[in-house]
Each structure stands twice: as C-alpha cells, then as structure tokens.
Amino acid sequence: MLPFDVLPRILTKDDWHTIESGVKQRVAALNMFLHDVYHAGHILKDKIVPAELVLKNPQYRAVMQDQHLRHDTYVHIAGTDIVRDADGTLLVLEDNCRTPSGVSYVVENRHLMMRAFPELFTGTKVRQVSNYGQKLREALAELAPDSVTDPNVALMSPGVFNSAYFEHVFLAREMGVPLVEGRDLSVENDRVYMKTTAGLVELHVIYRRVDDAFLDPKAFRPDSLLGVPGIMRAYKRGNVSITNAVGTGVADDKAVYAYVPRIIKYYLGEDPILANVPTNICAEGDGLKHTLDNLAELVVKPVDESGGYGVVIGPKASKGELAACRRRLKAKPGKYISQPVVQLSVAPTLTDRGIEARHVDLRPFAVTGRDTWVLPGGLTRVALKRGSMIVNSSQGGGSKDTWVLQ
C-alpha cells in the first residue's frame with residue numbers, strides 16, 4: 001500500500017482551471033498524433049517529429065497501421081505528471097498513456113479523510129472524486145461497436161501477482177464490471193467471449209491492464225501466458241474495443257515528450273497551456289554534448305523506464321554514479337534524455353519530526369470517450385524522505401488527498 005499523509009494538498013479554482021484545460025489540450029493533441037502516426041503520418045513527413053523516433057520506438061505497433069478506432073481515440077485513460085517549479089509555474093514532467101496507475105488512491109484517500117476527519121469537510125466546498133468509476137464506465141461504453149446498444153465491459157488484469165492488482169479490483173468494483181484474466185477469455189469467430197457459470201458472454205469493451213507485448217501470443221510474444229490468443233484479430237475486425245489502444249506507448253515515450261509542445265502547435269494551432277520541462281534528447285548530437293558537458297547539473301532519465309528507476313540526479317550523484325552514467329550515455333545515447341533540475345514545490349507534510357515541507361507532484365487523470373473529462377484533483381505524490389525529490393512509491397514516496405476548491 002502507498003503511505004498516506006493526512007495533511008491534504010489544496011488547489012484553488014484558478015489553479016485547477018489551468019491544470020484541467022492544459023490536460024485536455026494535451027490529451028487531444030496526443031490522440032491526434034497517434035491517429036496520424038498510424039494513418040497518413042503527416043507529422044513525420046513534415047519532420048515536426050523525427051520519423052525514426054516513432055517508427056523505431058519499441059512501443060510502435062505496425063499492426064495498428066490504418067486501424068479504425070471509435071472517435072479516433074487511442075488514449076482513453078491518461079495520467080499527466082505535473083509539478084510546480086520555484087517560480088510557481090506549472091510544468092509537465094511526463095505523459096502516461098499506456099496503463100497509468102494510481103487513481104484508486106485518489107478515491108480511497110478521500111474516503112479515508114472523510115471517515116477520519118468528517119468535520120474538515122463541514123462548510124468546505126471540495127469537489128468530489130467518488131464518481132470516477134461511473135465516469136470511466138460511461139466513457140468505455142461509448143467505445144463499443146456501433147451496433148451494440150448495451151455493451152458488456154470488463155477489466156482485464158495480469159492477475160494477483162501484479163503490483164497494481166489492488167487497483168484492478170478497486171476499479172472493477174467501482175465501475176460495476178467483471179474483473180477477468182486472459183484465461184477467462186476466448187476468441188471465436190473473431191469475437192471475444194468471457195467464460196461464466198452460465199456460459200459464454202460476448203465482451204464489447206476491454207479495459208486492459210496488460211502490456212501490449214503480452215496481450216496476444218499470436219500477435220506479439222508467443223510465450224505470453226497472460227493474454228488471449230486471437231484477441232488482436234477481433235480487435236482489428238472492430239468487434240471489440242481495447243483501451244488504452246494498442247500502440248499508445250509511442251505517445252508516452254520520454255523522447256517523444258520533448259516534442260509535445262510542437263505536436264500541440266501542429267494539430268491545434270495553439271501554444272501549450274502547460275509547458276514542458278526543457279529537455280535534451282541524447283539521441284541528437286547537440287543534446288548529448290550538452291548533457292555530457294553539464295552532467296553534474298542535470299537529471300538524466302532513461303526513455304523506457306518508469307517508477308523513478310534509472311534516474312540520475314546530477315547534483316545528488318556521487319562521482320562514481322556520474323562516471324557510470326557517462327559511460328551509459330556514450331554507449332547508448334538514444335536511451336536517454338536529460339533535463340535541468342526542477343526545484344519541485346513543497347507541501348506541509350506530517351513526519352515523525354512534526355510538520356515539515358516535502359516535495360510533491362500531481363497526476364490528474366483524464367478519461368476520454370466522445371469527450372474528455374478530468375477527475376478534479378488527481379494523485380498528489382509526496383517524497384516522504386527528507387531532501388528527496390523522487391515521489392514514486394517504489395522509491396519511498398507516499399500520497400495525499402488532493403482538494404480542488406469550488
């Protein structure tokens with residue numbers, strides 16, 4: 001479980017308006033980008049984004065080329081990591097477009113606060129978060145094939161040994177849909193069926209928490225025991241919707257992230273509402289040189305890792321760590337980006353020494369069917385270790401309830 005801090009993080013109405021508008025803009029642009037990448041590829045031909053960055057990306061799925069998706073939506077559930085720097089500017093750290101996790105803590109944190117401190121909510125107008133499951137279920141139903149009026153939806157989990165299994169159970173319960181594993185499903189005549197005690201039931205929408213590579217042993221990894229043989233065939237025929245769409249990982253690659261402001265401008269003709277942290281792409285000569293020349297002042301991140309793993313924070317790294325990082329950069333520069341150290345904003349946090357400042361970030365969750373809705377608040381993660389700027393739970397972080405004031 002994620003450690004919980006009882007002091008809530010409070011966002012004003014104006015702050016939330018900026019965050020909500022910025023997240024919606026970003027999700028819209030990323031969906032247009034993915035549709036373009038898997039169809040005409042205009043943005044690659046116009047050299048706004050380097051073609052090799054996309055087509056050679058390990059998350060690019062050629063099987064999705066020319067695939068029609070309902071509402072042209074690829075990223076149905078997005079988690080956008082946002083920080084506030086020392087000047088108070090809201091910045092996007094990264095986009096999570098594959099299987100963003102953590103929303104269960106948003107809802108459970110609120111329930112915990114309301115049970116433990118009900119008097120805090122008396123007279124305080126805080127926007128609700130408990131309707132996330134309902135909103136998600138409604139959006140997923142909009143993704144069903146045109147001919148289906150009462151779609152069957154299920155959440156597909158890798159199983160009890162997955163680190164996010166608690167969330168899978170929670171979300172299935174909140175949506176009121178069955179929780180299934182690959183072994184519970186079968187494909188017949190290019191349609192996906194769920195095994196039940198009453199027989200087979202056809203599924204029309206699957207919210208999968210299984211990575212692309214393990215989804216279908218006939219299409220991807222033949223050794224996968226988590227997926228469903230033939231499910232990609234049913235997906236290609238349009239008989240089932242899979243969310244998030246196969247191949248969305250291209251959009252949350254940390255190198256592609258550097259181009260998102262250009263992607264927004266290209267498709268929407270707008271400046272980003274939420275700016276990126278300035279990013280050096282080490283696959284590019286100038287980016288690599290700048291990174292190597294300023295290694296002790298920069299944060300170096302692998303483009304294909306999550307959870308804070310592999311991150312080297314230059315000012316806090318030892319000489320040995322910097323030397324090892326330098327060797328990795330020279331050996332495989334395309335695997336890394338670098339960014340200046342962002343002095344994350346802090347929030348009051350209860351510690352064993354009393355109330356102290358701790359670094360925080362925010363992950364709002366956006367749900368897209370026909371339109372995009374953003375859960376008011378999101379997951380505030382807090383670096384519980386004194387002096388730490390890594391908020392990931394796997395690296396000693398915790399969470400707070402996030403209050404958006406009406």
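Biologist: Leaving aside its neighbours within four places in sequence, which residues is Gly-133 in contact with?

Modeller: Happy to start there, bearing in mind that this is a predicted model. Gly-133 sits in helix H5 and counts as buried, at 1% relative accessibility. Once the neighbours within four places in sequence are set aside, the contacts of Gly-133 are Glu-174 and Met-175.

Biologist: And how far apart are the C-alpha atoms of Gly-133 and Ala-172?

Modeller: Along the chain, Gly-133 and Ala-172 are 39 residues apart.

Biologist: Let's step back to the whole chain. How many helices and strands are there?

Modeller: The chain has both kinds of element, with 11 helices. Its strands number 21.

Biologist: What is the radius of gyration of the chain, and what does the globule rule give for 406 residues?

Modeller: For 406 residues the globule rule gives 22 Å, and the chain comes close to that, so it is as compact as a globular protein of that length. Its C-alpha trace spans about 60 × 55 × 40 Å along the principal axes. The radius of gyration itself is 21 Å.

Biologist: What share of the contacts with a separation of 6 or more comes from residues 24 or more positions apart?

Modeller: Burial gives some background here: 54% of the 406 residues are buried. Among contacts with a separation of 6 or more, the share from residues 24 or more positions apart is 68%.

Biologist: How far apart are the mean positions of the positive and negative charges?

Modeller: The chain carries 49 positive and 47 negative charges.

Biologist: On to the rings. Is the aromatic pair of Tyr-38 and Tyr-74 stacked or tilted?

Modeller: A search of the whole structure finds 7 aromatic pairs. Tyr-38 and Tyr-74 form one with 6.0 Å centre to centre and 15 degrees between the planes. Planes under 30 degrees apart meet the cut-off, so the pair of Tyr-38 and Tyr-74 is stacked.

Biologist: Which parts does that pair tie together, and how many residues apart are they in sequence?

Modeller: Tyr-38 lies in the loop between helix H1 and helix H2, and Tyr-74 in the loop between helix H3 and strand S2. Each of the two is buried, Tyr-38 at 0% relative accessible area and Tyr-74 at 0% as well. The pair therefore ties together parts whose distance in sequence is 36 residues.

Biologist: Which aromatic pair involves Trp-403, and how is it arranged?

Modeller: Trp-403 is in strand S21, while its partner lies in the loop between helix H4 and helix H5, so the pair ties together parts 282 residues apart in sequence. Both residues are buried. With 4.9 Å centre to centre and 45 degrees between the planes, Phe-121 and Trp-403 form a pair that is tilted.

Biologist: Where is the cis peptide bond that involves Asn-244?

Modeller: Asn-244 has its place in the loop between strand S10 and helix H8. With omega near -10 degrees, the cis bond runs from Thr-243 to Asn-244.

Biologist: Last one: what is phi of His-71?

Modeller: His-71 is found in the loop between H3 and S2, and is partly exposed at 33% relative accessible area. Asp-72 is found in that loop too, with phi near 55 degrees. For His-71, a residue other than glycine, phi is positive, near 60 degrees.

Terms used: Residues are numbered from 1 along each chain as its sequence is written. This is a predicted model: local features need pLDDT of at least 70, side-chain atom pairs count only at pLDDT 80 or more; totals for chains, interfaces and linings use all residues. Side-chain values use heavy atoms; hydrogens and water are left out. Helices (H or I, at least four residues) and strands (E, at least two) are DSSP runs, numbered from the N terminus. The radius of gyration is taken over C-alpha atoms; the globule rule is 2.2 Å times the number of residues to the power 0.38. Buried means under 20% relative accessible area, exposed over 50%, partly exposed in between (1.4 Å probe, protein chains only). Contact means heavy atoms within 4.5 Å. Lys and Arg count as positive and Asp and Glu as negative; His and the chain ends are not counted. The place of a charge is taken as NZ of Lys, CZ of Arg, CG of Asp or CD of Glu. Rings of Phe, Tyr and Trp (its six-membered ring) pair if their centres lie within 6.5 Å; planes under 30 degrees apart count as stacked, over 60 as edge-to-face and the rest as tilted.
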